[in-house]
Every structure is written in structure tokens, then in C-alpha cells.
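Here are my notes, in the order I'd read them. Have the model open while you go through the points.

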Amino acid sequence: MSSDPNIQQAREHHRRAAEALALAERHRQQRDALIRRAREDNPDRWSYSALAAAIGCSKELIAAVIKHRT
């Protein structure tokens, strides 16, 4: 391990960035599952447009989430 303070800071920021990416992925997975559940439970109420407006995202994102199950 380097004793250079700049390298230590860079390593810490690298670690935190990796943690943030992992956390973001977990949030996306939960969001996607909730979108799919809402659509499956009540497709008449939760059209792509209605979901997008309620969530604050694009209809294209909703379509991608619904069409691409993981």
C-alpha cells in the first residue's frame, strides 16, 4: 500500500464509487420489480404513460423494464 496521501484518497474514492454503483443497481432492481408488479396487478390503471408520469421517468424506460425481465 502506498503512503502517498493522494493515492490513499484516490483508492478511497474508487472504493466509494464501486459501492455507489452496487447500491444504484439494487435500487434499479427494486424499482423495476415494483413497476412490473404495478403493471401486472392493474394494467388498466398503470399504462406505460401513467407509470412514467407517476414515477417521473420516460415511457421508454417503462417499456424497457416491462419487456426485459431479468
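1. Start at A52, which touches C57, S58, K59 and I62, leaving aside residues up to four places away in sequence. A contact here means heavy atoms within 4.5 Å.

2. A quick word on the source: this is a predicted model, where local features need pLDDT of at least 70, side-chain atom pairs count only at pLDDT 80 or more, and totals for chains, interfaces and linings use all residues. Residues are numbered from 1 along each chain as its sequence is written, and side-chain values use heavy atoms, with hydrogens and water left out.

3. A52 also belongs to the largest nonpolar core, together with I35, W46, L51, I62 and V65. Such a core is a set of buried Ala, Val, Leu, Ile, Met, Phe, Trp, Tyr and Cys residues joined through side-chain atoms within 4.5 Å. Buried means under 20% relative accessible area, exposed over 50%, and partly exposed in between (1.4 Å probe, protein chains only).

4. Now the charges: there are 5 salt bridges, each a side-chain nitrogen of Lys or Arg within 4 Å of a carboxyl oxygen of Asp or Glu. R15 pairs with E19, with the closest N and O atoms 2.3 Å apart. R15 is partly exposed at 37%, and E19 is partly exposed too, at 43%.

5. R28 bridges to E25, with 3.0 Å between the closest N and O atoms.

6. R31 and D32 form another salt bridge, at 2.8 Å from N to O. Is D32 buried or exposed? D32 counts as buried, at 15% relative accessibility, while R31 is partly exposed at 27%.
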